[in-house]
Amino acid sequence: MIPAGEQALAVIGWLCILKLLQLALWPWLKEGFGKLAYGAAYPLSLVLFTLVSWYCGIIGVPVQAALLPFLLLLGAGVYRGKYSLAALRGEVRWDVLFLLCFTFMLEIRFFNPSISYAEKFMDHAFLASIMRDPVVAPPDPWYAGGDLAVYYYLGHWMMGAVGLSAGVPSPVAFNLILPTVFANAAAALYAAGHVLLKRFRLLPVLALFLVNPSFLVLAASGAGAHDILWGATRTITDTINEFPLFSFLWGDPHAHVIALFNQALLIFILVYAYHEWNHRSEIGRWIIVGAAALSLGSMPGINSWDVLIYAPVILVAGLLIWRRAVREGSGDPYPWRFLVCVPPLSVIAYLPYYLMLDSQGISGVGIVLFPSAVGEFLLVYGFFMAVFWMAALPDLKVRPWLVLAAAPFLVAGYAAAAIAAVPAAAFALRKNMRAADLLAVFGLVVIIFTELFYLMDGMGDVYYRMNTVFKFGLVAWMMMGTAAMAYVGGWCARFVPGGRIPQGAKTAGVLLIILVLLAAPVVIPDLSYGYGGKTLDGLAWVGLQHPGDAEALPFVSSLPAGTVILEAEGGDYVYYSRISSFTGVATVIGMPFHEQMWRGDEGMVGTRMADVRAMYEDPERAPALYEVYGVDYVYVGTPEREEYAVFLPEDALLPVWSGDEVVIYRVRET
């Protein structure tokens, strides 16, 4: 187990890297984002660092070298007098928000840190592989000889690069991912709140804390904590309906969760560009274009599902910015630049990624024949529907014919889509559309799409629309959550007396928020599922439940890059393929269902599974198979003995490590 003192130093080092990145970029964003540059610099600097470190991996230099440009920016800023104590004191609210949200999520991870279930094995496997051998594309730890160009790995690269720069071991870095994502998303949404609202600007951050109505119904029924969380995300039949708070509490830093902060960043950039484009200088507009391109360009590598929505959103937003600039006579000589420049720049930024990509992808678009039941739909999106219908009432009073937008969907049998269509039409036809209206329309269109269509991704006949509803639903949640909180903030400003809030009341409110956030992880029911907590070492539980494997891990971790170790394969989501997952050292085949999805029939996953069995059970075939797959070491522990009738070719193997129920053999050179 990693000592507590080392864990504390890891957290401090990690935060220092994040702060260095943010502080270095901040003054150079002022021309583009004005008073919001400090907050925007938190997520934007992390995305930029990811790009630079990724190119370091391509050219073969240590990823830590990606810090050099930021150190140069920091030095240039100091030399030019861009930093002052007065300026920094004026921005302290952003630091407080970031640290508070980071600490809140860090506490939750402290109580539920284990790399033990769901897709946590997968996410640590990616992270450990990248931190072990940060090359592009990173080695696939579950497919010896293959790489991760079959999947979107950039979010894990991002966090691995921060971990390497801060000297944080991967089992601890694993538990610093979600606090980082949560804090950066909060900073971006708070920045969006400054654009959308004159008061109550923190409200958009609540998009990260909201639960769906299904959660509330289950809680009122007296269900247990697990049943509430799980049931609330499996509400629409045969689909997944995750919302951000569930994802963070569940604790799996999967691609769709890491992507949430980049979604929040692009939402901020979009609303800022829509509102402020005409008030920015030439340099400022190019900075906005660059920021949007960087965020959009990172999406395919972090979570490819996101870009399928945000790419067309960028085009629509670009057209609207262009139209507004022309209407208002902004004097911008290139009002079309957001529309024309952002998409190609986003592709150019990560062009090598697309050239390396070897994914099965989506095979087509299908029509949903059995859409969501209205009751289930409202249990997932009911809060947003209520807010949007209330916000659309003034439009419906003036133009009652807008309700006809529901008619085509009702006639076709898509009642849930009909509910979303009316406010979408009302907001889209507003003469003076605000940024909140734009976000609401985008989010509503996304969920209408998921009711009508699905992307064919090989999930079978029963769960055919599961991923479409799941991944696009999270995108819609971020958009609709931000928009809904903007509407709520507007209503609060109308009915809550204005004027300056007394300092005492403001201080008391801030202290109450801090108390609630810091106390919440302590009072939340235990969701560790028996794996233990009160540590940031995600592998501490292995020492308690599988001491033999825990003793062997340091030896395996010490093996050089490029090593292949043979271990048992026993399916997905179980305690198999665990050595490769815990260390990042590649094995012949692991988590076969995932590899089959990524590689298809060409990956010959079934053949590898059969060959792994032969290497454990058939001493005559084993030596030749070792050579085929480049096996350097053979691992024999309890799962191997349970899964196979182990009979190894002793003359081809040399024992190099042994402990409690574990023996590791090195393959003799031939």
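**Close-up views of the predicted model**

In this predicted model, residues 24 or more positions apart account for 75% of the contacts in the protein chain with a separation of 6 or more.

**Figure 1. The protein chain as a whole.** The secondary structure consists of 28 helices and six strands. With a radius of gyration of 26 Å, close to the 26 Å that the globule rule gives for 670 residues, the chain is as compact as a globular protein of that length. The C-alpha trace spans about 85 × 65 × 50 Å along its principal axes. Of the 670 residues, 57% count as buried. The accessible surface comes to about 26,200 Å², and 66% of this area belongs to carbon and sulfur atoms.

**Figure 2. The largest nonpolar core and a separate one.** The largest nonpolar core holds 224 residues. Phe 33, Phe 268, Phe 338, Met 385 and Phe 388 touch the most other members of this core. Helix H13 (residues 282-328) gives the most to this core, with 20 residues. Another core, of 24 residues, lies apart from the largest one and includes Ala 622, Val 634, Tyr 644 and Leu 653.

**Figure 3. The surroundings of Met 385.** Met 385 is one of the residues that touch the most other members of the largest nonpolar core. Neighbours within four places in sequence are left aside here; beyond them, Met 385 is in contact with Phe 377, Leu 378, Ile 419, Ala 420, Leu 444, Ile 447 and Met 480.

Figure 4. Apart from neighbours within four places in sequence, Pro 300 is in contact with Tyr 152, Val 307, Tyr 353 and Tyr 354. Pro 300 and Tyr 350 are 50 residues apart in sequence, with 9.1 Å between their C-alpha atoms.

**Figure 5. Ser 581, a buried residue of helix H24.** Ser 581 belongs to helix H24 (residues 578-583). Its relative accessible area is 0%, so Ser 581 is buried. When neighbours within four places in sequence are left aside, Ser 581 is in contact with Phe 121, His 124, Ala 125, Ala 128 and Trp 142.

**Figure 6. Ala 220, an exposed residue of helix H9.** Ala 220 has its place in helix H9 (residues 213-220). With a relative accessible area of 70%, Ala 220 is exposed. Ala 220 and Arg 337 are 117 residues apart in sequence and 51 Å apart in space, C-alpha to C-alpha.

Figure 7. Most residues other than glycine have a negative phi, and most peptide bonds are trans. Val 136 and Ala 137 are joined by a cis peptide bond, with omega about -5 degrees. Ala 137 lies in the loop between helix H6 (120-132) and helix H7 (154-166). Asp 238, which is not a glycine, has a positive phi of about 60 degrees. The loop that holds Asp 238 runs between helix H10 (225-232) and helix H11 (244-250). At 35% relative accessibility, Asp 238 counts as partly exposed. Lys 534 likewise has a positive phi, near 60 degrees. Lys 534 is found in the loop between helix H21 (503-523) and helix H22 (540-545). The relative accessible area of Lys 534 is 60%, so Lys 534 is exposed.

How values were computed:
Residues are numbered from 1 along each chain as its sequence is written. This is a predicted model: local features need pLDDT of at least 70, side-chain atom pairs count only at pLDDT 80 or more; totals for chains, interfaces and linings use all residues. Side-chain values use heavy atoms; hydrogens and water are left out. Helices (H or I, at least four residues) and strands (E, at least two) are DSSP runs, numbered from the N terminus. The radius of gyration is taken over C-alpha atoms; the globule rule is 2.2 Å times the number of residues to the power 0.38. Buried means under 20% relative accessible area, exposed over 50%, partly exposed in between (1.4 Å probe, protein chains only). Contact means heavy atoms within 4.5 Å. Accessible areas come from the Shrake-Rupley method with a 1.4 Å probe; for residues, only the protein chains shown count as cover. A nonpolar core is a set of buried Ala, Val, Leu, Ile, Met, Phe, Trp, Tyr and Cys residues joined through side-chain atoms within 4.5 Å.
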